[in-house]
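These notes follow the order in which I went through the two chains. Please read them beside the coordinates.

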Amino acid sequence: MLGTTVILAFRAINRHKLRSFLTTLGIIIGVAAVVTMVTLGNGATAAVREQISSLGANVLQLRPGQGFGRGGGGPRPPDFKERDLTAIENQLTGVRAVAPVVQSSGTAIYEGNNWSTTVYGTTSAYSEVQQWKVADGRLFLPDEEEAGKSVCIIGNTVRTNLFQGTEPVGQRMRIKGVSCQVVGVLATRGQGGFGDQDDVVVMPIKFVQRRFTGDRDISQIMVAVDDAYDTSTVQASLEELMRERRKIKAGDQDNFNVFDTKQISDTLTGTTTILTQIVGAVAAISLLVGGIGIMNIMLVSVTERTREIGIRLAIGAVAREVLMQFLVEAIVLSCLGGLIGLFLALIASVAIAPLMQVPFLFDVKVNAIAFLFSAAIGVVFGYFPARRAAALNPIDALRHE
Amino acid sequence: MAADPIISLPIISLRGVTKIYGEGPTAFQALKGVDLDIQQGDFVAVMGPSGSGKSTTMNILGCLDVPSGGTYLFKGHHVETLDRDQRALLRRRYLGFVFQGFNLLSRTTALENVELPLLYRGEDKKLRYEMGMAALDKVGLKDWWDHTPAELSGGQQQRVAIARAIVTQPDVLVADEPTGNLDSQRSIEIMELLTDLNRNSGITVLMVTHEPDMAAYARTIVHFRDGLVESIEAGVTA
């Protein structure tokens with residue numbers, strides 16, 4: 001019997017191609033919208049996660065002060081010293097690499113081109129902590145670091161704006177009025193959660209301290225945690241070590257803070273996930289509207305086809321068969337709409353993802369759910385018109401003009 | 001009608017059948033106690049003015065409707081107690097219908113129209129094709145199997161409708177003014193076809209008609225008046 005009704009449903013759809021297409025258009029658009037939104041949203045989430053992991057996975061950032069700010073109106077908490085760095089390296093277990101950072105901003109000049117940028121003073125360990133790769137040239141040599149020589153590695157944004165096509169490695173540029181030699185260019189890292197990560201000039205920390213900051217303080221220490229160790233355990237022992245070193249009494253607040261990049265990652269991906277859900281929900285409403293469209297046209301169709309239903313009943317179709325035919329028609333239409341919608345979503349996602357600079361991620365689960373949902377809409381919204389068709393009296397239906 | 005010397009059970013037997021439409025003061029009694037026996041293999045023409053109850057009787061005979069009172073025996077079985085689906089199955093198995101307005105499915109080929117009752121019977125594709133083509137052959141439209149109703153003349157459409165009615169090899173063919181929409185030449189062709197089916201395929205034919213010319217093809221003519229059988233006479237060809 002199901003086979004019969006499926007044949008009849010396909011014949012009926014085939015007889016009215018335009019109407020069938022219009023009926024299912026709502027579902028097509030609804031499914032395409034939902035799947036495209038969720039696919040792009042997932043891509044965006046993945047992109048955020050990717051960028052954050054480019055900040056360095058499992059990295060603890062140690063800064064003076066409480067939280068993000070410098071904290072309160074009291075005296076400025078002291079920066080770190082080189083011996084703090086040594087202590088962390090030697091006394092903390094589970095540490096893969098430790099890099100000191102001092103930061104300064106200034107203008108770089110090369111042959112009349114100006115570019116305002118951020119100068120990072122650090123050591124080669126920074127490359128290991130942040131997983132920065134040098135695309136061109138090299139990292140600092142040990143003796144350049146030791147002596148604090150005037151050498152630098154530049155980010156790609158600096159390269160583009162300052163050198164404008166000239167090969168920068170080996171060139172000399174001026175930074176904050178000081179001449180320095182470019183020894184390397186960093187691999188592109190793109191937009192991160194904190195702005196353009198390629199807009200940097202990296203120099204040996206000793207040079208930056210001597211020429212720019214004027215003291216030997218370290219404003220930030222980056223601690224890369226060994227994968228085999230739990231980040232929060234290492235964070236706790238780092239906090240304990242620093243309290244001890246900074247002679248903070250029990251009960252007093254820390255005058256430093258340790259920031260786990262994983263926390264930022266979780267926060268930001270959480271945000272994009274919520275956004276994806278909201279946009280997906282809005283699109284899901286359009287899917288619902290599509291379902292109502294199917295019901296609407298099926299109801300009109302039942303009235304229009306009253307005579308046909310009468311014929312079917314007269315030649316011996318039982319009510320259940322008429323019901324099934326209309327129901328199967330609705331389900332076939334909504335499933336076809338769902339499939340076309342998925343196909344359009346695929347095309348749209350592949351086309352839009354590069355424009356949004358997010359990866360295209362085909363999510364089987366999202367596609368499957370959207371399809372099943374469209375099928376369910378066929379059942380739900382097809383049932384009412386189908387029941388109405390089946391309830392018709394054959395004599396009245398045959399008389400219907 | 002003279003008493004039949006051969007004792008045979010009528011295929012259709014109505015006893016005291018009444019039909020009331022509506023309720024209360026607006027109720028209308030369409031049938032006021034119809035008694036009618038129809039023998040297997042008969043060709044019955046039902047005549048009568050509008051409102052005489054002939055269409056109501058035909059709907060009940062065709063199991064499309066149920067009587068308000070009285071009994072209806074089809075092949076010795078009570079029909080008046082059957083529910084909607086049981087009557088549908090009875091129509092599917094034993095009855096074929098031909099309507100004044102042809103009532104073919106539009107945008108559907110002649111063969112697909114003819115196959116429709118077989119689809120509801122659950123026959124497979126090969127048998128549907130064979131039986132459908134045989135039925136079309138019987139009405140002389142084998143070469144028109146892939147034409148839709150819009151591409152066929154009125155007479156051809158009615159012949160497709162007859163093919164659809166007989167494709168299941170029913171016992172009874174119920175024809176409601178089958179020539180009402182046709183000119184006299186097409187009407188004669190349809191009547192000859194019905195006569196042939198009655199004589200050579202043994203199908204009992206029940207036909208409603210206004211026209212004495214058409215009724216003349218029948219063996220038995222039943223006249224209705226005011227919700228009752230007025231008279232039963234033997235046809236010219238009987």
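1. Of the 238 residues in chain B, 47% are buried. Buried here stands for 20 or more other C-beta atoms within 10 Å of the residue's own, against 12 or fewer for exposed and anything in between for partly exposed, with C-beta atoms placed from the backbone.

2. The model is predicted; local features need pLDDT of at least 70, side-chain atom pairs count only at pLDDT 80 or more, and totals for chains, interfaces and linings use all residues. Numbering starts from 1 along each chain as its sequence is written, while chains are lettered from A and ligands numbered from 1 in the order in which they are written.

3. On confidence, pLDDT is the predictor's score for each residue, from 0 to 100. Chain B averages 91, and 96% of its residues score at least 70. For the complex, the predictor gives an ipTM of 0.91 and a pTM of 0.70. Where pLDDT is low, the predicted coordinates should not be read in detail.

4. Chain B contains seven helices and 10 strands. Helices (H or I, at least four residues) and strands (E, at least two) are DSSP runs, numbered from the N terminus. Among contacts in chain B with a separation of 6 or more, 68% are between residues 24 or more positions apart; a contact requires C-beta atoms, placed from the backbone, within 7 Å.

5. Chain B brings 20 residues to the contact and chain A brings 19 residues. On the chain B side, α2 (84-94) and α3 (110-121) each supply at least two residues. The most comes from α2(B), with six residues. The side of chain B that touches chain A has 10 nonpolar, four polar and six charged residues. In this count Ala, Val, Leu, Ile, Met, Phe, Trp, Tyr, Cys and Pro are nonpolar, Asp, Glu, Lys and Arg are charged, and the others, Gly among them, are polar.

6. Which strands pair with β2 (residues 95-110) of chain A? One of them is β11 (residues 220-225) of chain A, antiparallel over six bridges; pairing requires at least two bridges found by DSSP. In β11(A), Met222(A) is opposite Ala99(A).

7. β2(A) also runs antiparallel to β3 (residues 113-122) of chain A, with nine bridges. Tyr110(A) faces Asn113(A) in β3(A). The hairpin of β2(A) and β3(A) has two residues between the strands, and Glu111(A) takes a positive phi near 45° there.

8. Arg174(A) in β6(A) is the bridge partner of Ile109(A).

Technical notes
Contact = placed C-beta atoms within 7 Å.
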